[in-house]
Amino acid sequence: RCCVGVRMRGTLVLFVSLSLLQGTMSQTPPEGDSLTECTDGYEWDVQSQHCKDINECVTIAEPCQGEMKCFNHYGGYLCLPRSASVITAPEPSSQAPAGPPPQSNEAFGSCPVGYQVQGESCVDVDECRYRYCQHRCVNLPGSFSCECEPGFQVAGNNRSCVDVNECDMGAPCQQRCYNTYGSFLCRCEQGYELGPDGFICNDIDECSYSSYMCQHQCANEPGRFSCICPEGYQLLGTRLCQDVNECETGTHQCEEGQTCVNIHGGYHCTDHNRCQEPYVQVSDNRCVCPVIKPECRELPFSIVQRYMSITSERSVPSDIFQIQATSVYPGAYNTFRIRSGDDNGEFYIRQINNISAMLVLARAITGPKEYTLELEMVSVNPLRSYKTSSALRLSVFVGPYAF
């Protein structure tokens, strides 16, 4: 045997026997012969007048690829894992040399090179017995040939095997190719996955992984995906949707004499003067009922117009609007109530103190929907037998989506 491998505590130890290579360790020309030619893997040493082994691990640039380590060997070299150790077995003292039989050419002997005398005939020498090749050896009449395993090719010395870079030789990878020692790997770009054949890259449908990939709608594309927002919204970042303020961008179609109010997913046009008899307009959003008119006695003295927009499916209960008294009279007690517009009990008032209250959403609402709530603050002064009220007409627009 050439060598025996033993694994000790995670380290591969390789014992190399020299019994078959004893004749190739140092070669001495026949007595009286002045030839200085050596076989492959050896060079003539003038000082010792012998053929000396060449250390290919030093003379060859990068003899081993990948994570393999080069170990010099008589007449060649070995590529082994870096954790391996090579321990040379001692030369047997009583065993006769087992190297290749002396060969002679037609000028110096009766048999040509690659043959040896056996009786009165020349028989072929099986050079493969001496492990000249790194991978596989094929004996030929008078010679031999070295072959390599798949993924390797014969080096320039016709004995060693070097890795083949399949990626430079038309490997069937559809996208990315990575050369490995003796083979290659196919990989895919982001957004693709490797098919069962190991070569073809198939698109990944990211939208099928989760319904939360996009806030509104996910569109799969080759190698990627994109998010789409509904009309009236624009993409915020890559996945979220943000309302477009048509009133600021000037994309609304409100007429002259109207005011643009931005709401979720659109806009609303309101008239500048929304005061109805017997109220008269005193500012852009405030109407007053004059006390000189008899019909104003049972109506709130003033009505202020306000607008707000909320999203669908809002968690409840939820504070959505705070009411604040603008005028406070000494000794007066203020109470707040929903005067009209809450027919289904979806809102209620929570009074905070004597001058403020909070409008609370009591039930989850799905839009698009519009509410017009009239919120009233009643002021009573028992010492002066005085009672008055003012109202806040709040238009609540519920958007079609939860964003």
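**Labels and their cut-offs**

Trainee: Why does Phe403 count as buried?

Mentor: Phe403 has 15% relative accessibility. Buried means under 20% relative accessible area, exposed over 50%, and partly exposed in between, with a 1.4 Å probe and protein chains only. Phe403 therefore counts as buried.

Trainee: Why does Tyr401 count as partly exposed?

Mentor: Tyr401 is at 28% relative accessibility, so it counts as partly exposed.

Trainee: What kind of model is this, and how are residues numbered?

Mentor: The model is predicted; local features need pLDDT of at least 70, side-chain atom pairs count only at pLDDT 80 or more, and totals for chains, interfaces and linings use all residues. Residues are numbered from 1 along each chain as its sequence is written, and side-chain values use heavy atoms, with hydrogens and water left out.

Trainee: What makes the pair of Tyr401 and Phe403 stacked?

Mentor: Rings of Phe, Tyr and Trp (its six-membered ring) pair if their centres lie within 6.5 Å; planes under 30 degrees apart count as stacked, over 60 as edge-to-face and the rest as tilted. The centres of Tyr401 and Phe403 are 5.2 Å apart and the planes are at 10 degrees, so this pair is stacked.

Trainee: Why is the pair of Tyr132 and Phe144 called tilted?

Mentor: Its centres are 5.3 Å apart, with 35 degrees between the planes. Tyr132 lies in the loop between β9 (121-124) and β10 (136-140) and Phe144 in strand β11 (residues 143-147), so the pair ties together parts that are 12 residues apart in sequence. Strands (E, at least two residues) are DSSP runs, numbered from the N terminus.

Trainee: What sits over the ring of Tyr132?

Mentor: The charged end of Arg159, 4.6 Å from the ring centre. The label requires NZ of Lys or CZ of Arg within 6 Å of the ring centre and within 35 degrees of the ring normal.

Trainee: How do you know that β14 and β15 pair?

Mentor: Two strands pair if DSSP finds at least two bridges between them. Strand β14 (residues 176-180) and strand β15 (residues 183-187) have 5 bridges, in the antiparallel sense. Asn179 stands opposite Phe184 in β15.

Trainee: Where is confidence lowest, and where highest?

Mentor: pLDDT is the predictor's confidence in each residue, from 0 to 100. Its mean is lowest in strand β1 (residues 3-8), at 38, and highest in strand β30 (residues 356-361), at 98. Where pLDDT is low, the predicted coordinates should not be read in detail.

Conventions:
Helices (H or I, at least four residues) and strands (E, at least two) are DSSP runs, numbered from the N terminus.
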